[in-house]
Amino acid sequence: MSALTLEGWCKTSDAQKSTPVGEIHLYVDGPLHLRLEAAEERLQKTHEPEAMVDVDMDTMDLIMPEGYGPLSDCQMRVYLHYERGQFHLVGHRASDGSLIYSNAVLIDQLL
């Protein structure tokens, strides 16, 4: 499906500003793409603000910048912006629980 390289961010506490961590590489396969589209459709119908989509870490081929992996959990946050679905990776660094996330991507840009 789609190999993506996204800018990554880290937030170590609620009070701290996010800091850039470098590039996050991941692969969105067919089943994940379908789950993202389903979440987008649900948000359009229900007007919920967001949906979290579980990912299969074994098929995502996630490559984190040095010092920011591995993640203890990982999901895709889906939300609507001008009625178009967007998603970004959200997880927590296993070593200290810091929030790790990526820039957003339009779902309809996936191949």
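**Notebook: fold, cysteines and arginine 77**

I read along the sequence first, and the chain follows the pattern β-β-α-β-α-β-β-β-β, which comes to two helices and seven strands. I note at the outset that this is a predicted model, and I keep that in mind for every entry below.

I then looked up the overall dimensions. The radius of gyration of the chain is 14 Å, close to the 13 Å that the globule rule gives for 111 residues, so I record the chain as being as compact as a globular protein of that length. Taken along the principal axes, the box filled by the C-alpha atoms is roughly 40 × 30 × 20 Å.

Next I turned to burial and surface. Of the 111 residues in the chain, 38% are buried, and the accessible surface comes to about 6,400 Å², with 51% of that area belonging to carbon and sulfur atoms. For contacts between residues at least 6 apart in sequence, I find that 49% join residues at least 24 apart.

For charge, I counted 8 positive and 18 negative side chains in the chain, and I place the centres of these two sets 7 Å apart.

I also searched the whole structure for disulfides, and the search finds zero.

My last entry concerns arginine 77, which I located in strand S4, residues 71-81. With a relative accessible area of 24%, arginine 77 is partly exposed. Which residues does arginine 77 touch, once those up to four places away in sequence are not counted? I list Glu50, Ala51 and Met52 among them, and also Gln86, Phe87, His88 and Val90. I also checked arginine 77 against isoleucine 63, which is 14 residues apart from it along the chain, and their C-alpha atoms are separated by 18 Å.

Conventions: Residues are numbered from 1 along each chain as its sequence is written. This is a predicted model: local features need pLDDT of at least 70, side-chain atom pairs count only at pLDDT 80 or more; totals for chains, interfaces and linings use all residues. Side-chain values use heavy atoms; hydrogens and water are left out. A disulfide is a pair of cysteine sulfur atoms within 2.5 Å. Helices (H or I, at least four residues) and strands (E, at least two) are DSSP runs, numbered from the N terminus. The radius of gyration is taken over C-alpha atoms; the globule rule is 2.2 Å times the number of residues to the power 0.38. Buried means under 20% relative accessible area, exposed over 50%, partly exposed in between (1.4 Å probe, protein chains only). Contact means heavy atoms within 4.5 Å. Accessible areas come from the Shrake-Rupley method with a 1.4 Å probe; for residues, only the protein chains shown count as cover. Lys and Arg count as positive and Asp and Glu as negative; His and the chain ends are not counted. The place of a charge is taken as NZ of Lys, CZ of Arg, CG of Asp or CD of Glu.
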